[in-house]
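The briefing below is arranged by topic and is meant to be read with the sequence and the coordinates at hand.

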Amino acid sequence: MADSTETTAASTSAPPPEPKRSWGDEVDDEEVEESKPGAELNVDGLAIDENKKINKFLDEPEDSNIKAVTLGDTPYTSASTFEDLNLSPELLKGLYVDMKFQKPSKIQAISLPMILTPPYKNLIAQAHNGSGKTTCFVLGMLSRVDPNLKAPQALCICPTRELAIQNLEVLQKMGKHTGITSECAVPMDSTNYIPINKRPPVTAQIVIGTPGTIKRWMSAKKLSVSCMKILVFDEADHMLAEVISFC
Ligand SMILES: Nc1ncnc2c1ncn2[C@@H]1O[C@H](COP(=O)(O)OP(=O)(O)OP(=O)(O)O)[C@@H](O)[C@H]1O
């Protein structure tokens, strides 16, 4: 009886209003929680798995359903080879020698000419897992950066730190011969932790990270966006779903 009275009271009294929070704040809180000893991210476990069954979807017939939908007239033609894309010799070497790619997958053939050709327009690419989307935005970032300008010029925002680290690994492998610098903006583990005010400003040309850390670096004026040329949202559908759940 006492239980049922308490239950009724709890369900009829209005809960106190929660303070308004943004998604970036929420990720920052996770960082504090996860930076406790014992909760570090196992970065070694995130190496690119060369033995993974790769390319499963690259040549699947389903890929032939990928269509380009553009506003107005489109000057773009699909690329059947990486040479069609006017990539630098350093990037071609990364693709052929280090990545061991032979030709663009369907999503790459369609979207890379749009990503790499001026005027650079906003683009949303949607294709199933393993179809080669990562290469699209990694090549996009690597080819837009001016190697002589030592400032952040490309920013990739990912929903999780694991994805950010994996994307950085792909970028560093693909861009190995370019000399382009990159940095991961994810929460640091407790052993490497440096307070934000003690960190030097970011000079890496490409930054890949999670929303909370990128927000903190920008708020602390450690990450400048004044030279940014390209902004990528990886798994934007997941990030939008998170944003909607906070509204
Ligand atoms: N043109 C290509 N030729 C050969 N292999 C490729 C090519 N493009 C990508 N791959 C390989 O195929 C695999 C899947 O590619 P990628 O990770 O870019 O796909 P994705 O669409 O981003 O997948 P997910 O949605 O799971 O993130 C990777 O191992 C990648 O190295």
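This is a predicted model: local features need pLDDT of at least 70, side-chain atom pairs count only at pLDDT 80 or more; totals for chains, interfaces and linings use all residues.

Asn 167 has its place in helix H6, which spans residues 161–174.

- With a relative accessibility of 3%, Asn 167 counts as buried, because the cut-off for burial is a relative accessible area under 20%.
- Apart from residues up to four places away in sequence, Asn 167 touches Thr 134, Phe 137, Val 138, Cys 156, Cys 158, Ile 208 and Asp 234.

**Nonpolar cores**
- The largest nonpolar core has 37 residues, and those with the most contacts inside it are Leu 87, Leu 112, Met 141, Leu 142, Met 174, Ile 206 and Ile 208.
- Two or more residues of this core are given by each of helix H3 (89–98), helix H4 (106–116), helix H5 (133–144), S1, H6, strand S3 (206–209) and S4, and the largest share, 7 residues, comes from H6.
- Met 174, when its neighbours within four places in sequence are left aside, is in contact with Leu 91, Gly 94, Leu 95, Met 99, Phe 101, Thr 135, Val 138, Leu 139 and Leu 142.
- There is also a second, separate core of 10 residues, which includes Leu 155, Ala 204, Ile 214 and Trp 217.
- In soluble globular proteins, nonpolar side chains tend to be buried together.

**Strand S4 and its pairing with S1**
- Strand S1 (residues 154–157) pairs with S4 in the parallel sense over 4 bridges, and Ala 154 has Ile 230 in S4 as its bridge partner.
- The covered face of S4 carries Ile 230 and Val 232, whereas the uncovered face carries Leu 231 and Phe 233.
- In a regular strand the side chains alternate between the two faces of the sheet.
- Leu 231 lies in S4, which runs over residues 230–233, and, with neighbours within four places in sequence left aside, Leu 231 is in contact with Leu 155 and Ile 157.
- Leu 231 and Gln 153 are 78 residues apart in sequence, and their C-alpha atoms are 8.8 Å apart in space.

- Cys 136 is buried, with a relative accessible area of 4%.
- Cys 184 is in no disulfide, since the nearest cysteine sulfur, that of Cys 158, is 7.7 Å away, and a disulfide requires the two sulfur atoms to be within 2.5 Å.
- By this rule, the count of disulfides comes to 0.

Technical notes: Residues are numbered from 1 along each chain as its sequence is written. Side-chain values use heavy atoms; hydrogens and water are left out. Buried means under 20% relative accessible area, exposed over 50%, partly exposed in between (1.4 Å probe, protein chains only). Contact means heavy atoms within 4.5 Å. Two strands pair if DSSP finds at least two bridges between them. A nonpolar core is a set of buried Ala, Val, Leu, Ile, Met, Phe, Trp, Tyr and Cys residues joined through side-chain atoms within 4.5 Å.
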